[in-house]
Amino acid sequence: MDHNQLGIQYMQEGKWEEAAKIFMEAIEENPTDPVSYINFGNVLSAVGEVEKALKFYEKAIELDENAAAAYYSAGNLYYELEQFEQAKKMFETAMKKGLESGDNYFMLGLTLVALEQGKLALPYLQRSTELNPNDAEAFFQYGLCLAQLNFVDESILQFEQCIQVDSNHADAFYNLGVAYGFKEEVEKALEYFNQVLEIQPDHLLAGYGKKLIEKGNSDI
């Protein structure tokens, strides 16, 4: 097992110090390999050393301008820092450099939503569900984006896909309740709000939605 493989194993086990030591050894042994810089950046990112992590991603890109994983990792950090324009550039560049992963499409979609460009986000969120068919959150965020753009029936299909993957996704059930309330199908809305409260009894919005319906007010 080489340094990078061993370091990744340490990361998976949450052994951050051991992972950092191994990746640093890899960099010392082969200072022109961008992969080791990306991996070391990922360790720094995981322990909250954001600025340092970005420097390692930048070094990886300096060594190999086609290192798509470096752009993706940098994009995640910019997203966390709410620097959404920078995040967008990084995810788009990762895609141009050949990164066709569902995660990259997903994060680009979320970034566009954060930039209030929901219509532009839709195809990326859709593609993320196609590439990651077992990712409940991908279906949920795609459904949420559709709902925000008033594509209510289409959003319902995505929330249903979400709960097929994760039967305890309380927020997907809640949004199904909201969608059916919007369609004035109050019995279905109530059924979904009740399911939310079974999963998460302290879900305030679902409790509020249920009370509105029980008072005979379907305007939710």
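**Stop one: the rings**

Select Tyr37, Phe40 and Phe56: ring pairs link these residues into a cluster. Rings of Phe, Tyr and Trp (its six-membered ring) pair when their centres lie within 6.5 Å, with planes under 30 degrees apart called stacked, over 60 edge-to-face and the rest tilted. By this rule the count comes to 9 aromatic pairs. Phe40 sits in helix α3 (residues 34-46) and Phe56 in helix α4 (residues 50-63), so the pair ties together parts 16 residues apart in sequence. Helices here are DSSP runs (H or I, at least four residues), numbered from the N terminus. Phe40 and Phe56 are both buried, meaning under 20% relative accessible area with a 1.4 Å probe, protein chains only.

A word on what you're viewing: it's a predicted model, where local features need pLDDT of at least 70, side-chain atom pairs count only at pLDDT 80 or more, and totals for chains, interfaces and linings use all residues. Residues are numbered from 1 along each chain as its sequence is written, and side-chain values use heavy atoms, with hydrogens and water left out.

**Stop two: the largest pocket**

Next, select Ala147, Val152, Val178, Ala179 and Phe182, the closest to the centre of the largest pocket among its 11 lining residues. A pocket is an open set of points on a 1 Å grid over the protein atoms alone, where a 1.4 Å probe fits, with protein on both sides within 12 Å along at least five of seven lines; lining residues have an atom within 4 Å of a point. Colour α11, which gives the largest share of that lining, 5 residues.

Terms used
Helix = DSSP H or I, 4+ residues; strand = E, 2+ residues; numbered from the N terminus. Buried < 20%, exposed > 50% of the residue type's maximum accessible area, 1.4 Å probe, protein only.
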